[in-house]
Amino acid sequence: MAIFLKLAILIHPEMAFAAGHSQVVWLKLAGFLESFLGGSAFLITFFALVNLFGQAIFLNRIANRHHLYPKATYLPALTYILVTSLFKDWNYLSAELIANWLVLAMLSAMLQLYSPTDVRKQIFNIGCFISLTAMLVFPNILFVLLLLVALGVLRPFKASEWMVGLLGIITPFYFLTGILYLTDNLGLLRQMIVIGFKLPGRLQHPEIVGTAAGFLLLLLLVGTWYLNHFMSRMLFQNKKWWWVVVASFLISLLAGAFTVARGYHQWMAMLVPVSFIVANLWFEERKKWITTIFFYLFAAVVIFAQWYPGMPERASAPASGKKPAPITPHKTSLIINCNRIHTI
């Protein structure tokens, strides 16, 4: 299904994307990936799709481990593949796509806070995941609010545990600051801390965007209705887990608005909780025709969004023989070769 639904992406590959030059860590990582993959747009796009497939399996493992649904299936993974296929921006290699690994790891660790063993270790890890994802996409620092919600819902209040979470958040930034200081590039840290409020501008293909966004909203509403229906039969522990998932959706939606990115990359973190919520639709027990209709509608909308009326207009990546617009570097020791990295 992943190969079939994302075939248009493979036919029209793109280089890695970056939201300006504030994503210092991502530019370094993207430059390494580009050189490792030989500067091939197809291999870079295929690498992005492999990451999406791996994230779908990881998401499915989280759902099955915590018994979020009536039975263990691969439907949550399928939902993530379908949801990420609605907008083409969500299928190309970007900092937001890689950051979703950290979002999944963060959410997995949060759902384990209910266990009485290794709680402080889990809280410290959650703080580190939040810092690391903020290094790639700084507005994701708002997931600190999700940590507070998770601690409040899943744990009795203990000041020591909250301090451990704060220590986990500070630690990655502490090491990054030390590295930048030793290399005399401390100014890059200030460059990374960029936050704003920007929504997508003029819609290039409003019929595609409207159809995909409207259908995703419909699925979210239907999935929420089924979730509310299933909650009446859940254990109290499962209900608390779902409250954390719903809170992660609201916070990721807020974080997506406070960004300097252009397009729809900014809301990729939201796709993780959205997939969890929408997947409730597939567990309709009595009226199976409902799930069948929604599945084929989902596939039809994805095909429409991917193939009609062709690829949406995008800012073309710099040609291999041309250099991008000059920028003022802070230090040459960390200047990234952006000749082929598509910088938005």
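This is a predicted model: local features need pLDDT of at least 70, side-chain atom pairs count only at pLDDT 80 or more; totals for chains, interfaces and linings use all residues.
**Two loop residues and a helix pair**

Asp-184 lies in the loop between helix 9 (159–182) and helix 10 (187–192). Asp-184 has a positive phi of about 60°, although the residue is not a glycine. That value deserves attention because most residues other than glycine have a negative phi. With a relative accessibility of 51%, Asp-184 counts as exposed, since the term applies to values over 50%.

His-67 is placed between helix 4 (41–65) and helix 5 (75–84). Its phi is positive as well, at about 55°, and His-67 is not a glycine either. The relative accessible area of His-67 is 56%, so this residue is exposed.

From the loops, the reader may turn to a pair of helices. Helix 6 (residues 95–111) packs with helix 12 (residues 236–257) at an angle of about 150°, and their axes are 10 Å apart. How are helix 6 and helix 12 oriented to each other, roughly parallel or roughly antiparallel? Angles over 145 degrees count as roughly antiparallel, and helix 6 and helix 12 are therefore roughly antiparallel to each other. The crossing in which helix 6 passes helix 12 is right-handed.

Which residues meet where helix 6 and helix 12 are in contact? Helix 6 contributes Leu-107, Met-110 and Leu-111, while helix 12 contributes Trp-241, Val-244 and Ser-248. Of the residues in this contact, 5 are nonpolar, 1 is polar and none is charged.

Conventions. Residues are numbered from 1 along each chain as its sequence is written. Side-chain values use heavy atoms; hydrogens and water are left out. Axes are lines fitted to C-alpha atoms, for helices over the stretch in contact, and angles run from 0 to 180 degrees between N-to-C directions. Helices (H or I, at least four residues) and strands (E, at least two) are DSSP runs, numbered from the N terminus. Angles under 35 degrees count as roughly parallel, over 145 as roughly antiparallel, 65 to 115 as roughly perpendicular and the rest as oblique. A crossing is left-handed if the near helix is turned anticlockwise from the far one by less than a right angle, and right-handed if clockwise. Contact means heavy atoms within 4.5 Å. Ala, Val, Leu, Ile, Met, Phe, Trp, Tyr, Cys and Pro count as nonpolar, Asp, Glu, Lys and Arg as charged, and the others, Gly among them, as polar. Buried means under 20% relative accessible area, exposed over 50%, partly exposed in between (1.4 Å probe, protein chains only).
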